[in-house]
Amino acid sequence: LMAQNPRIPDKDQQYLGIAFKPGIAPPLLGIPANQLVDVHIPLEKLNKKLADTLTPDVPLKSIKSLINRFDIQLKNLFQNCRFDQRVQKAITRIQAAYGKISLDQTARDLNLSLRQLQRLFSLSVGLSPKQFATISRFLSIHRAMSQKGLSDLIFLVLEFNYYDQSH
């Protein structure tokens, strides 16, 4: 998402960034996640009220006042949202397993077929469960490398299944 007519900020301007957890933005914005992948859509076209909150006509006295306004707006939006709990459970399981998980078993545990899980994931997250698991696995090894350093690289490669056996 991008703001309409983005401006290059002055050196004393402050920034506010927002990152939603997977599966959260589509219900808030009212658009399936798979329609938000690899596109730039002005926030004004998705949710004018939210865009107006973020770009007030009157200059705000502080970034804190902008955050407070945005927080109120998000709370109002969340009251009317329905999140697919099956997708949220699948996301939690994939992340807890560091992306190393059987998606067939995950789907069965949620009383879904693999195809149903793929369809729901595409609508809620914008990725397939396999793509999400791959990204989760990569982020997990990246986090582990940041904490442990490169001295344990072989151990991490084996632990996160980043190897290919000879055939």
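I began with Asp109, which is partly exposed with a relative accessible area of 42%; for this term I take buried as under 20% relative accessible area, exposed as over 50% and partly exposed as in between, with a 1.4 Å probe and protein chains only. The model is a predicted one, in which local features need pLDDT of at least 70 and side-chain atom pairs count only at pLDDT 80 or more, while totals for chains, interfaces and linings use all residues. Residues are numbered from 1 along each chain as its sequence is written, and side-chain values use heavy atoms, with hydrogens and water left out.

**Entry 1: salt bridges**

I looked up the partner of Asp109 and found that its side chain meets that of Arg93 in a salt bridge, at 3.1 Å from N to O. This pair links distant parts of the chain, with Arg93 in helix 5 and Asp109 in helix 6, 16 residues apart. Arg93 counts as partly exposed at 32% relative accessibility. I use salt bridge for a side-chain nitrogen of Lys or Arg within 4 Å of a carboxyl oxygen of Asp or Glu, and helices here are DSSP runs (H or I, at least four residues; strands are E, at least two), numbered from the N terminus.

How many salt bridges does the structure hold? I noted 3. One of them joins Asp84 to Arg86, whose closest N and O atoms are 2.9 Å apart, and Arg86 is partly exposed at 36% relative accessibility. Another brings together the side chains of Asp71 and Lys75, at 3.3 Å from N to O. Asp71 and Lys75 both belong to helix 4 (residues 63-79), where they sit 4 residues apart, about one turn of the helix. An α-helix has 3.6 residues a turn, so residues three or four places apart point the same way. Asp71 itself is partly exposed, at 35% relative accessibility.

**Entry 2: helix 5**

I then followed helix 5, which covers residues 85-96, has 12 residues and reaches 16 Å from its first C-alpha to its last, close to the 16 Å expected at 1.5 Å a residue; the expected span is 1.5 Å times one less than the number of residues. Which residues of helix 5 are buried? I listed Val87, Gln88, Ala90, Ile91 and Ile94. Seen down the axis of helix 5, these buried residues fall within an arc of 160°, so they line one face of the helix; the arc is that of the directions from the helix axis to the C-beta atoms. On the other side of helix 5, Thr92 and Ala96 are exposed.

I also checked what the buried residues of helix 5 pack against, and found helix 6 (103-109), helix 7 (114-124) and helix 8 (129-148). Ser124, in helix 7, is buried with a relative accessible area of 15%. Leaving aside neighbours within four places in sequence, Ser124 is in contact (heavy atoms within 4.5 Å) with Gly23, Pro26, Ala33 and Val87.

**Entry 3: positive phi**

Helix 5 is followed by Tyr98, whose phi is positive, near 55°, and which lies in the loop between helix 5 and helix 6. Tyr98 counts as partly exposed, at 43% relative accessibility. Where is Asp38 found? I placed Asp38 in the loop between helix 1 (25-29) and helix 2 (43-46), and it is exposed, with a relative accessible area of 78%. Most residues other than glycine have a negative phi.

**Entry 4: surface and whole chain**

Leu139 has its place in helix 8 and is partly exposed, with a relative accessible area of 40%.

For the whole protein I recorded 9 helices and 0 strands. Buried residues make up 29% of the 167 residues, and residues 24 or more positions apart account for 58% of the contacts with a separation of 6 or more. The accessible surface comes to about 11,900 Å², of which 53% belongs to carbon and sulfur atoms; the areas come from the Shrake-Rupley method with a 1.4 Å probe, and for residues only the protein chains shown count as cover.
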